[in-house]
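Keep the structure open beside the text.

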Amino acid sequence: MTALLRVENVTKHYGTRIGCAEVSFELYPGEVMGIVGESGSGKTTLLNCLAGQLPCDAGRVMFDTKTSGLRDVLAMSAPERRMLARTDWAFVQQHPRDGLRMNVSAGGNVGERLMAVGARHYGEIRQAATDWLARVEIEAGRIDDRPTTFSGGMQQRLQIARNLVTGPRLVFMDEPTGGLDVSVQARLLDLLRGLVREMGLSAIVVTHDLAVVRLLADRLMVMKDGHVVESGLTDQVLDDPQHGYTQLLVSSVLQV
Amino acid sequence: MISVQDVSKSFTLHTQGAAVISVLEGASFDVAPGCCVGLIGASGAGKSTLMRMLYGNYLTASGRIVIGDIDVAQAAPREIMALRRDTLGYVSQFLRVVPRVPTVDVVAEPLLRRGASEAEARERACALLARLNIPEALWALSPTTFSGGEQQRVNIARGFAAPYPALLLDEPTASLDPTNRNTVLAMIEEAKAEGAAIVGIFHDVAARDRVCDGVIDVTDFTPGGVQ
Amino acid sequence: MTEYTFAYLDEQTKRMIRRAILKGLAIPGYQVPFASREMPMPYGWGTGGVQVSAAVLVPCDVLKVIDQGADDTTNAVSIRRFFEKTAGVAVTQDTQAATVIQTRHRIPEAALREGQVLVYQVPIPEPLRFLEPSEVETRKMHSLEDYGLMHVKLYEDISRHGAIATAYAYPVKVEGRYVMDPSPIPKFDNPKLDMAAIQLFGAGREQRIYALPPYTKVVSLDFDDFPFEASKPDHPCGLCGAQDSYLDELIVDDDGTRMFMCSDTDFCAKRREGGS
C-alpha cells in the first residue's frame with residue numbers, strides 16, 4: 001500500500017517567528033491523524049500549509065493524485081490545487097459559517113461541489129443532496145432552508161455533507177467539534193467515525209481536545225512551538241506519553 | 001503466536017523531576033496457538049503494563065514482542081493498527097466509547113472495521129449480547145450509563161466479536177455473576193479451541209485454573225525499583 | 001460645438017477606454033477594469049455605456065439610442081441629444097441605418113450586421129456578485145474557471161420556484177471560458193448574443209468594460225433537465241401583431257385592461273408601416 005500523503009520537512013515562518021518547522025509524516029488510506037497542541041503551537045498553520053491554503057517556506061507535500069500519482073501539492077499551479085480541493089480533498093472549518101454559504105439553501109450548499117465538477121442534471125444533484133442530508137441526519141424537509149435557520153450542530157453536519165458529497169479521499173478538519181455542546185459533539189464524532197469507515201477516508205484533524213482525538217484519530221502528533229515533539233498511535237501517545245510536554249498535556253486534562 | 005523476548009519497560013516522569021521508574025526487565029515467554037497463559041503477581045507488579053505493551057498501548061523500551069509476524073516493539077503505528085484490526089483482540093477493564101452510540105454498534109464496530117457488512121456485524125453483535133445476558137431493551141442504548149458488570153460484558157462482547165487469532169484479556173471475569181462468569185469462560189475455551197493464543201490476567205483463581213495452560217509470574221521481571 | 005472635445009471625453013481618456021475595449025475584445029467575456037470618469041449624469045443612467053460610446057464614435061457614425069427597446073424614453077432621448085451636441089454625429093431611430101447603437105436592457109429585434117457596434121449599459125458586471133460578495137474571491141473564481149457557484153444560483157431558482165426563474169441578466173458562458181453577465185436584457189434576447197455585430201459592455205460605477213467580438217459563441221447556462229428557454233409573454237403584439245418579438249405589458253385604462261406591445265419601437269413601427 002502506498003501513502004496517500006507524504007509530508008516532508010514542511011516549514012513556515014511568520015517573519016522571524018516559527019509557524020511550524022520541519023514537519024514530516026506519512027498518511028495512509030483510511031487513517032485518521034490527530035494533531036494536538038495548545039493555542040499557538042502551529043497546528044492550524046500546519047493544516048493550512050498542507051491544504052495549500054498558506055504558502056510554505058520549505059518542504060514538500062506529496063499527494064497521491066487519482067490521475068497522475070504522487071505530486072507535490074505545493075508545486076502545483078493554483079487551478080490544479082483548486083481542482084484537487086474540490087475533488088480529492090475536503091476542508092471542514094471550525095466555524096460552519098466559514099465553510100458554508102449562509103445565503104444558499106442546504107441543498108444548494110451540498111450541490112455546489114457537484115456542480116463545480118460539472119454535474120448539470122438538477123434532478124440528480126437534488127437526489128445526491130437529499131441522500132447526503134439523510135446521511136448526516138438532517139431531515140429531507142429542510143433541504144430548501146438556509147443554514148441560518150439551523151442549529152450549530154446541524155450547520156456543522158451540513159458542512160460535512162457539503163464537503164464529502166464528491167467522495168474526497170482526504171479531509172482536513174480544523175477543530176470540527178469546537179464550539180459545539182458536548183452532547184452535539186458526541187453525535188458528530190459518531191457520524192465522522194462512521195463516514196471515515198464507510199468511505200475509507202483519510203483525515204487530518206486539528207484539535208486541542210484530547211478526548212476528541214482519542215475517539216476519532218488512529219494516530220496522533222503533538223505540537224509545541226511549531227515543532228512535532230511526539231507522535232505515534234493515539235492511545236499509546238495519550239497513555240504512555242514520552243515527551244515532557246505531552247505528559248503535561250495529558251495530566252492537565254480535567255476529569256469528569 | 002505470541003512471543004515475548006527479553007522485554008523491558010521504564011517510565012520517565014518529566015513532570016516530576018524526570019524520575020525514571022523501571023517496571024519490567026528481561027520479560028520472556030511464548031504463547032502457542034490454542035493456549036492461554038495467565039499473568040500473575042502482586043498488584044503493581046506490572047501485569048497490566050505488560051499487557052498494554054503487548055497491545056502496543058505502551059511503548060517497549062527494549063526487547064521484542066512478536067505477535068503473528070509483527071514485532072510490536074518496533075512496528076510503525078499503521079502496522080499496529082492493522083494488527084489490532086485483523087489479529088489481536090483486547091478486552092480491557094475499561095470501556096471507552098463515543099457517548100450516545102448504541103451498544104449494538106459498539107460491539108459491531110470491530111467487525112465493520114474488518115469489512116463485514118452492516119447486517120452481518122449486527123447479527124453477530126446481537127448474538128453475543130444475548131449470550132452475555134444483556135437485556136435486549138438495552139441494545140439500542142449507549143453503554144455509558146450501564147452498571148459496571150454490564151459494561152464489562154459489553155466490553156467482552158466487543159473483544160470477542162471478531163475471531164482474533166490472538167487475544168489479551170484483562171480481568172474478563174471481574175464483577176460478573178456466576179452465570180455470566182461461566183459464559184465468559186466458555187467463550188475463552190471456544191476461542192482456544194479455534195486456535196487463539198490468549199494472554200490473560202485473572203484474579204479469580206478458579207477461573208484461571210480452568211482456562212489457563214500455564215502462568216507467568218510478572219514479579220520475576222520486576223527490577224529493583226526507582227533508580 | 002467648439003466648447004467640447006469630440007464626444008465630450010478628452011482624447012487621453014478615450015484612448016484609455018479604447019485600450020480596455022481592445023483588451024476586452026481579445027479576451028471575450030473578461031471584465032477589464034478601466035478608470036471610469038465622472039459624466040454629466042448620475043450613475044445608473046448609463047455612464048458606462050456613454051463612455052464606451054464616446055470612445056468608439058467617429059464623426060461619420062450614425063447613432064441610435066434605446067432604453068428598454070424604445071427610442072423615445074427620457075434616458076434614450078437625453079443620451080442621443082448628448083452626443084448630438086458633443087459629437088455632432090447623425091442620429092437615427094432606424095436599427096438598420098445605425099452604425100453605433102447604445103442600449104439599455106434590450107437587443108433590437110432586427111438582426112444586426114457586421115460593422116455595427118452595440119453598446120450595453122451595465123449596472124453590475126459581475127455575474128457571481130450576489131453569491132460571493134468578495135471581489136478578490138470572484139476574480140479568483142474567474143481566473144480558475146471555478147464556476148460551480150453560478151449553477152448554485154440556478155439550482156436555488158429551481159428549488160424555490162420549480163423552474164429557472166431568472167428572467168433577465170441571465171448568465172452566459174463565452175467561448176467555453178468566461179461566465180458573463182449580459183447586462184439586464186431579458187433572457188428572450190440571450191440567443192441573439194451570438195451575432196455579427198461587435199458588442200461592448202460598459203459599467204461606469206463598477207469601472208468595468210467587457211466585450212463580445214462578432215460571431216462569439218455564447219451559451220446560456222442551464223441544467224440538462226431544466227434547459228434554457230428564451231421565454232416571452234405568450235401574446236401577439238397588440239399594435240403590429242408580431243408573434244416573435246419581446247413584449248411590454250401595459251395597463252391602458254382604470255379597469256386594468258392589459259395590452260401587450262413590442263418593446264422595440266422601431267421594429268413595431270416598421271411592421272405597421274410595411275404591413276398595413
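Which residues of α1(B) are buried? They are Lys47(B), Thr49(B), Leu50(B), Met51(B), Arg52(B), Met53(B), Leu54(B) and Tyr55(B). Buried here means under 20% relative accessible area, with exposed set at over 50% and partly exposed in between (1.4 Å probe, protein chains only). That is 8 of the 9 residues of this helix (residues 47–55), so the rest of the structure largely encloses it. Helices (H or I, at least four residues) and strands (E, at least two) are DSSP runs, numbered from the N terminus.

A word on conventions: this is a predicted model, in which local features need pLDDT of at least 70 and side-chain atom pairs count only at pLDDT 80 or more, while totals for chains, interfaces and linings use all residues. Residues are numbered from 1 along each chain as its sequence is written, chains are lettered from A and ligands numbered from 1 in the order in which they are written, and side-chain values use heavy atoms, leaving out hydrogens and water.

|---|---|---|
| Buried area | about 2300 Å², 55% on carbon and sulfur atoms | about 1900 Å², 55% on carbon and sulfur atoms |
| Salt bridges | 7 salt bridges | 4 salt bridges |
| Polar contacts | 10 residue pairs | 12 residue pairs |

The terms work like this. Contact means heavy atoms within 4.5 Å. Buried area is the accessible area (1.4 Å probe) that two parts lose on being put together, summed over both. A salt bridge puts a side-chain nitrogen of Lys or Arg within 4 Å of a carboxyl oxygen of Asp or Glu. A polar contact is a pair of N or O atoms within 3.5 Å; within protein, one must be able to donate a hydrogen and the other to accept it, and residues adjacent in sequence count only if both atoms are side-chain atoms.

Take the side facing chain B. About 2300 Å² is buried between chain A and chain B, and Arg197(A), Leu233(A) and Asp240(A) supply 24% of the area that chain A buries there, more than any other three residues. Arg197(A) also pairs with Glu109(B) in a salt bridge, at 3.9 Å from N to O.

Now the side facing chain C. Here about 1900 Å² is buried between chain A and chain C, and Arg82(A), Arg120(A) and Tyr122(A) supply 38% of the area that chain A buries against chain C, more than any other three residues. Arg82(A) forms a salt bridge with Asp146(C), the closest N and O atoms being 2.8 Å apart.

**Inside helix α4 of chain A**

Asn109(A) belongs to helix α4 (residues 106–116) of chain A. Is Asn109(A) buried or exposed? It counts as buried, because its relative accessibility is 0%. A polar atom of its side chain lies 3.0 Å from the backbone oxygen of Val104(A). Not counting residues up to four places away in sequence, Asn109(A) touches Leu100(A), Arg101(A), Val104(A), Pro147(A) and Arg162(A).

**Chain C as a whole**

Chain C has 6 helices and 12 strands. Its radius of gyration, taken over C-alpha atoms, is 19 Å, close to the 19 Å that the globule rule gives for 276 residues, so chain C is as compact as a globular protein of that length. That rule is 2.2 Å times the number of residues to the power 0.38. Along the principal axes, the C-alpha atoms of chain C fill a box of roughly 60 × 55 × 35 Å. Buried residues make up 53% of the chain.

Tyr30(C) gives a local view. It lies in the loop between α1 (11–26) and β1 (32–33) of chain C. Leaving aside neighbours within four places in sequence, Tyr30(C) is in contact with Lys23(C), Arg139(C), Tyr178(C), Ile209(C) and Tyr210(C). Tyr30(C) and His142(C) are 112 residues apart in sequence and 8.4 Å apart in space, C-alpha to C-alpha.
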